Amino acid sequence: MIATPKPDLVTVNIDGKEIAVPKGTNVIEAARLVNVDVPHYCYHPKLSVVGNCRMCLIEMGMPAVDPATKAPIIDPATGKQKINWIPRPQIGCGTNVSPGLHVKTTSPMVKDAREGVMEFLLINHPLDCPICDQAGECKLQEQSTGYGRGYSRFIEQKNVKPKRTQLGPRVVLDDERCILCSRCIRFSKEVAKDDVLGFIDRGSYSTLTCYPGKELKNNYSLNTVDICPVGALTSTDFRFKMRVWFLKQTNSIDTETSVGANTVVWSREGVIYRITPRRNDAVNDTWMADSGRVLYKQVQAADRLTAVQINGNDSALDIAVNTAAELFKAAPGAVAVVGSGRSSVEEQFLTKQLAAALKAPVALVSRVGEGDGLLVSADRNPNVRGALVTGLIAALPSSQLTGLAADIDAGKVRVVVAVNEDLSAAGLTAAQLAKVSVIYLGTHRHATSDAAKVVIPTLTVFEKSGTFVNQQFRLQKFLKAIPGPVGATDDLTALARLVAAAGGSTVAGDLTGVWKALAAAVPALGAVTFANLPETGLLLDAAPFAALPFAEGETLHYRPAAATT
Amino acid sequence: MAVIPVERKPLSLAERTYLPQIVSGLKTTFSYMFRPKVTMEYPEQRPELPSNYRGVPTLVKDPNGREKCVSCQLCEFVCPPKAIRITPGEVPAGSGREHVEKAPQAFDIDMLRCIYCGLCQEVCPEEAIFLQNQYSMTGYTRAEMVNDKAKLYELGGTLPDQHFKWDRKKEAEEHGNTH
């Protein structure tokens, strides 16, 4: 990544407003700082500048100086230094600020230029808005409201281009809608490092295509759909599913890996339709992996648990908690707790309280895959560091529960509380599961939930609020997007009731209450409340855990501690 | 409060017989017998509706029998009582209409919610939804009062089309500026 420039500030004047911006900032970003919108299509803050859409034309000028003496020339009418305006408009994206730069974004020339660009862009653009998925979040729609003509002077036939090209398994291309901004090409080349897209042909026949014999199938292909300013690239998964203006946006976190990419969950009436990335310059820029976008499908999966069960029969939460209390009483000192790196910080804190009340050992299960160096890290648990911060565990977990298996075989453990972890996937055999009474809290059905004596269905990440600690030790919050299914209990409520059943002190089962207890118990979180946690997250002190051998390799905005020293 | 006595005039002989009042009443009755009728024998007789009458919202087809709705969901968005519910879907390839790409899978209008405001007709970019002259909707259950897609097309029928937008688009696709 490019090193952040030193705060060399340059003073520029945009529409009469003076502002000091860092050197190297372009006019679009500088204007954004004074709340002036410069319309643009091809420019993207995280991609290289090409300047081919010509929408961001602005008028600019420099203070006049005498060529011979370099003395400022004063305008006698105003008494101020004269500005030499360049007689032609310039592009804002490709113009970096320089000291004393003056910019006009609202002059008649700029307005004329934008209207001209809009008219040319709309010449061959089809009137597909009623069937176009981009409608409602389309830059072309937005700018034609401001700079469009309202009718077309183009009476010739529009160009015909391929309408429904399947670029890859997840992306469909409509070439007629494409305005040739080349954002997708630059993204594939610069960020995804999978240079498969390009333009062929010339002039108004220019067409976006995939390299022959290849397809856009890398794990970041759907980011091209996000950055497409028009409806040329659409997602196969979201295509024709719902108009965006019906969807409610809720900030969330990608639970796929420990990167903790910031996301927005788009839902309507309790149904999630899509997940898109949310900009966080310190974590995921404006990108996220395709694999994280389909996680919402777990919400309505067929194997979702929706009823409290005791020995396989439907029951009620009160009875389940009483049964758990009896199991705890019958096996003093012979209870083990299996927490999860997929639980939120709050849930891990309550899991710790539960283990303390039962005087039970705690194990976590690690899931390690291969990182891709971008936004999928090696650690596939989103919140192992949360367990370290809350003190649920002191060492990194392993992928197999060998210690627990040995304890079960030796008869030292007779009751296991499993929080959202499949014990059989973590190495426990069916015979070992049959030897113990399992109390399972989780969202989906699997071998452990089938073998469990008590099953309490809980909520997925989309149905509750909470926080995760990502690989940078950044505490990030996610919010409830949709209500949970009937029959499922909030994880915090279920855990708080189990703590009470285990004979522990009364703990709060709601977010505010848990955060009060967390702030008191964990010094690192002393000043934090759920409400005051910033949207971009809060970096916690990683120093106490620097010695631990974390699994992650280098990813975007993250370098493992070993690599930096 | 002071009591104010009101003097009541005694009735005259003509008034006491009631005859003048009966005669004047019958005069009004008989005068109406010879005027043109303003009532009608509903439901055997039906009123003639003005051309811009706003009856039950319906979906219409174009003269070629193509369903005009492309499920853009603008009517669902604009509907003040939220009576419209659309499930959008893709037009399958090979149907001859795949160039339209989008059509409703389901289209429900809850006539217990509909207020006959006509905003859906006004907002429709494809001229697919019309409030026509049907005004009598009855049913025994709530479910019966929800018009589904089949019912809406049955009520709507076919209306003349000035544009044939999608036919022209298909024609342009076949004969346009390719190279």
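Domain bounds here come from an automatic or database domain assignment.

**View 1. Chain A as a whole, with its three domains.** Welcome to the overview, which shows a predicted model. Chain A is divided into domain 1 (9–116), domain 2 (128–139 + 154–242) and domain 3 (309–564). If you place the C-alpha centres of domain 2 of chain A and domain 3 of chain A, you will find them 42 Å apart. The C-alpha trace of chain A spans about 95 × 55 × 40 Å along its principal axes. In secondary structure, chain A has 14 helices and 24 strands. Of the 565 residues in chain A, 45% are buried. Among the contacts in chain A with a separation of 6 or more, 65% are between residues 24 or more positions apart.

View 2. Look for E59(A), whose bridge partner in β6(A) is K104(A). Strand β4 (residues 83–85) of chain A pairs with β3(A) over three bridges, again in the antiparallel sense. In that pairing, G61(A) faces W85(A) of β4(A).

**View 3. The largest nonpolar core, and a second one.** The largest nonpolar core has 82 residues, and V338(A), L354(A) and V416(A) are those with the most contacts inside it. Helix α12 (residues 491–501) of chain A gives the largest share of this core, with seven residues. A second, separate core of 58 residues includes C53(A), V97(A), A113(A) and L216(A). As background, nonpolar side chains in soluble globular proteins tend to be buried together.

**View 4. Helix α9 of chain A and its buried side.** Which residues of helix α9 (residues 402–409) of chain A are buried? They are L404(A), D407(A) and I408(A). These residues lie on the same side of α9(A), because they cover an arc of only 100° around the axis. The buried residues of α9(A) pack against β17 (335–338), β18 (362–363) and α10 (430–435) of chain A. Just after α9(A) comes G411(A), with a positive phi of about 80°.

**View 5. An open sheet of three strands in chain A.** The strands of this open sheet follow the order β22-β23-β24 (chain A), and their pairing is antiparallel. Its edge strands are β22 (466–469) and β24 (538–539) of chain A, each of which pairs on one side only. Four bridges link β22(A) to strand β23 (residues 474–478) of chain A in the antiparallel sense. To find your bearings, pick out T467(A), which stands opposite K477(A) in β23(A).

**View 6. Where chain A touches chain B.** How many residues does the contact take from each of chain A and chain B? Chain A gives 11 residues and chain B gives 17 residues. On the side of chain A that touches chain B, there are six nonpolar, two polar and three charged residues.

**View 7. Backbone details in the loops of chain B.** Begin at the peptide bond from Y42(B) to P43(B), which is cis, with omega near 5°. P43(B) belongs to the loop between α2 (19–33) and β1 (57–59) of chain B. Further along, E101(B) is not a glycine, yet its phi is positive, at about 70°. The loop between β2 (84–90) and β3 (102–110) of chain B holds E101(B). E101(B) counts as partly exposed because 19 other C-beta atoms lie within 10 Å, whereas a buried residue would need 20 or more. F164(B), also a residue other than glycine, has a positive phi near 50°. You can find F164(B) in the loop between α5 (149–156) and α6 (165–175) of chain B. With 14 C-beta neighbours inside 10 Å, F164(B) is partly exposed.

How values were computed: Residues are numbered from 1 along each chain as its sequence is written. Chains are lettered from A and ligands numbered from 1 in the order in which they are written. Two strands pair if DSSP finds at least two bridges between them. Helices (H or I, at least four residues) and strands (E, at least two) are DSSP runs, numbered from the N terminus. A nonpolar core is a set of buried Ala, Val, Leu, Ile, Met, Phe, Trp, Tyr and Cys residues joined through C-beta atoms within 7 Å. A residue is buried if 20 or more other C-beta atoms lie within 10 Å of its own, exposed if 12 or fewer, and partly exposed in between; C-beta atoms are placed from the backbone. The arc is that of the directions from the helix axis to the C-beta atoms. Two residues are in contact if their C-beta atoms, placed from the backbone, lie within 7 Å. Ala, Val, Leu, Ile, Met, Phe, Trp, Tyr, Cys and Pro count as nonpolar, Asp, Glu, Lys and Arg as charged, and the others, Gly among them, as polar.
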